[in-house]
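Subject: Structure handover

Hello,

I am passing a structure on to you. Please look through it first and then read the notes below it.

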Amino acid sequence: MILTGSLHNHSTWCDGKNTPREMIEAAIAAGFTDFGISGHTYVTPDDFGVRDEEAYLKELRALQEEYRGRIRFWVGLEHDYYFPVTDRARLDYIVGSIHELRDEATGRYYLVDGPKSDLAACRDELFGGDGLAMAERFFELTVENVRTYRPDIIGHFDLIVKNNAANDLFDETSSRYREAALAALRRCADTGCVFEINTGGMFRGYRDTPYPAAFLLEELARLGARVTVSADAHETRALRFEFGPALELLKKAGFASVVVWENGRFVDKLLPKV
Ligand SMILES: [Zn+2]
Ligand SMILES: [Zn+2]
């Protein structure tokens, strides 16, 4: 088994369905040697983040000790651009993500990771109906986030497509969209940060392919960027969701290897030959 480490996962501390203990037990059963929980930093809109970071860290560090010898459990946070972690030194890693766009004039947040109506309102109220301008802003923020905070994992790089499966909020096939995404991808890849192929949107039925899209994976392969596989699991059933097909997509995009978190660092693992 190649994929023995997985860091981007959630629990009942934020918007997950299972407790950290249930997630860890399921990770052991699923054959992971290294497993992490990365609760959302506190996020005001929809209130889906970790409210009490102190208590979160305390419980997760206690579990890390308790499970020593059975699984290496890692304590992280999924840092959001607008709500960065307060003290990174206390964490084993961070995932760096964009989940909403803010109206700088009013301070109102529009969720990218919420209901479609939120993103449609964002497009219409903040970008005068120009969905591509909204996508461009999302990618601009992504670059700013990655270049400012240098996360250990760049979370769901093109999450802006989550609610766009019908291609009706903006045209994902347009050259304007693709160029904005590719330009941002290259600027993020320059940092050397690890990208993820994230199957979370598939598990929850939003998309039938993982983030990021195939044309972005191909560019990452061309650039020699490092990519890991993440479930972004919010429940135990999702821990290895579509990991096999994700590896196939990486191979198809031109990758020879994938990086996997092992004993405190990312290691390269060769993808099996066909
Ligand atoms: Zn996220
Ligand atoms: Zn997540």
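Predicted model: local features only at pLDDT ≥ 70, side-chain atom pairs only at ≥ 80, totals over all residues.

Residues are numbered from 1 along each chain as its sequence is written, and chains are lettered from A and ligands numbered from 1 in the order in which they are written.

Overall

The protein chain has 8 helices and 11 strands; these are DSSP runs numbered from the N terminus, with helices being H or I of at least four residues and strands E of at least two. Its radius of gyration, taken over C-alpha atoms, is 18 Å, close to the 19 Å of the globule rule (2.2 Å times the number of residues to the power 0.38) for 274 residues, so the chain is as compact as a globular protein of that length. The C-alpha trace spans about 55 × 45 × 30 Å along its principal axes. Of the 274 residues, 47% are buried, where buried means that 20 or more other C-beta atoms, placed from the backbone, lie within 10 Å of the residue's own.

Strand β3

In β3 (residues 72–80), 9 of 9 residues are buried. R72, W74, G76, E78 and D80 point one way from β3, and F73, V75, L77 and H79 point the other way. β3 pairs in the parallel sense with β2 (residues 34–40) over 7 bridges; pairing requires at least two DSSP bridges between the strands. V75 of β3 is the bridge partner of I37. With β4 (residues 93–97), β3 also runs parallel, joined by 5 bridges, and E78 has V95 as its bridge partner in β4.

Helix α3

L119, C122, R123 and L126 are buried in α3 (residues 116–126). Seen down the axis of α3, its buried residues fall within an arc of 110 degrees (from the directions of the C-beta atoms from the axis), so they line one face of the helix. After α3 comes G128, with a positive phi near 55 degrees.

Regards

How values were computed:
Buried ≥ 20, exposed ≤ 12 C-beta atoms within 10 Å, placed from the backbone.
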